Amino acid sequence: MYVHYFGLLNSISRLITGSPSVAPIEDLTVEELPPRLFALDRYPSETKMNAYSKPEYISDIAKVLKGKPEMQFLLDSPFGELFKIPKNKASFNAKLVLGLICRQLVTKKVNEMWIVFGGHPIRFGLREFSILTRLECGKYPKKKDVDDVISVKPECESVWKTLFDERFGDTVPTIADLVSWLQEEESMEGWKQLALSLIILVDGVVAAHSNPNRPTSKTVEMTKNLEFFCKYPWGR
């Protein structure tokens, strides 16, 4: 059971008060709502929350890049809003998320989740996720455009080799390894700090998908084109 929690825990009150994502009280009654994922008095007794994302990496990056142009670049990018999330509000509260899932309604649309809160249906979908995180959530670019960016020309070295070979050799580093490297090497060049930070944000926070988290070749190679990287809909 996997839930991408960014914005969800910090946004319930905003979704309830004055948001178009909340159905008006007079529109629906409990009897008219779609069926629930779980019955009112039935909750899963044995569940596992796949909390792969590590939001603490955001503050790690901020400490290393404080006052540097690379930090300003991140703040001006679609990832900038992530650095505004208070550290004490970015933790993963598995019980709360599980409680919301248990109140989820069964709907057809795959890019949004409807839950019942206080007897009223509330939507949390890509629209809400985009509003709260400011991440790009639009359509994916054409596969050809992505391939053009991540492909390695015969006469060139891959970004992966340029970044990682000297320090890690044939070993595939974890995202935690990249964070430690970023923190330890004070003389690291700015372009390398920025590339590592973007990789950490995507593969360690926004789109973490395994434990331990490891960088993907697609994310690494895409850092060669920062404009394309920042416009890519990582929020999806």
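Visitor: Which residue forms a salt bridge with Lys-224?
Guide: Glu-221 does, with the closest N and O atoms 3.8 Å apart. Bear in mind that this is a predicted model.

Visitor: Is Glu-221 buried or exposed?
Guide: Glu-221 counts as buried because its relative accessibility is 6%. Lys-224 is partly exposed, with a relative accessible area of 43%.

Visitor: How many salt bridges does a search of the whole structure find?
Guide: The search finds nine. Some share partners, and these join Arg-123, Arg-127 and Glu-128 into one network.

Visitor: What does Asp-147 form a salt bridge with?
Guide: Lys-143, and their closest N and O atoms are 2.8 Å apart. Both residues are in helix H6, and because they are four residues apart, about one helical turn separates them. Lys-143 is exposed at 62% relative accessible area, while Asp-147 is partly exposed at 29%.

Visitor: And Arg-167, which residue is its salt bridge partner?
Guide: Glu-184, with 3.2 Å between the closest N and O atoms. Arg-167 sits in helix H7 (residues 159-168) and Glu-184 in helix H8 (residues 175-184), so this pair ties together parts 17 residues apart in sequence. Relative accessible area is 40% for Arg-167, which is partly exposed, and 55% for Glu-184, which is exposed.

Visitor: Now the largest nonpolar core. Which residues touch the most other members?
Guide: Leu-74, Phe-79, Phe-164 and Leu-178, out of 44 residues in that core. Helix H9 (residues 190-206) supplies the largest share of the core, ten residues.

Visitor: What does Leu-74 touch, leaving out residues up to four places away in sequence?
Guide: Its contacts include Phe-79, Phe-83, Leu-194, Leu-198 and Leu-201. Ile-61 and Leu-65 are also among them.

Visitor: Backbone next. Which peptide bond is cis, with omega near 0°?
Guide: The one from Asn-211 to Pro-212. Pro-212 is in the loop between H9 and helix H10 (217-222).

Visitor: What about the phi of Arg-134?
Guide: Arg-134 is not a glycine, yet its phi is positive, about 65°. Most residues other than glycine have a negative phi. Arg-134 lies in the loop between helix H5 (126-133) and helix H6 (143-150), and at 49% relative accessibility it counts as partly exposed.

Conventions: Residues are numbered from 1 along each chain as its sequence is written. This is a predicted model: local features need pLDDT of at least 70, side-chain atom pairs count only at pLDDT 80 or more; totals for chains, interfaces and linings use all residues. Side-chain values use heavy atoms; hydrogens and water are left out. A nonpolar core is a set of buried Ala, Val, Leu, Ile, Met, Phe, Trp, Tyr and Cys residues joined through side-chain atoms within 4.5 Å. Buried means under 20% relative accessible area, exposed over 50%, partly exposed in between (1.4 Å probe, protein chains only). Helices (H or I, at least four residues) and strands (E, at least two) are DSSP runs, numbered from the N terminus. Contact means heavy atoms within 4.5 Å. A salt bridge is a side-chain nitrogen of Lys or Arg within 4 Å of a carboxyl oxygen of Asp or Glu.
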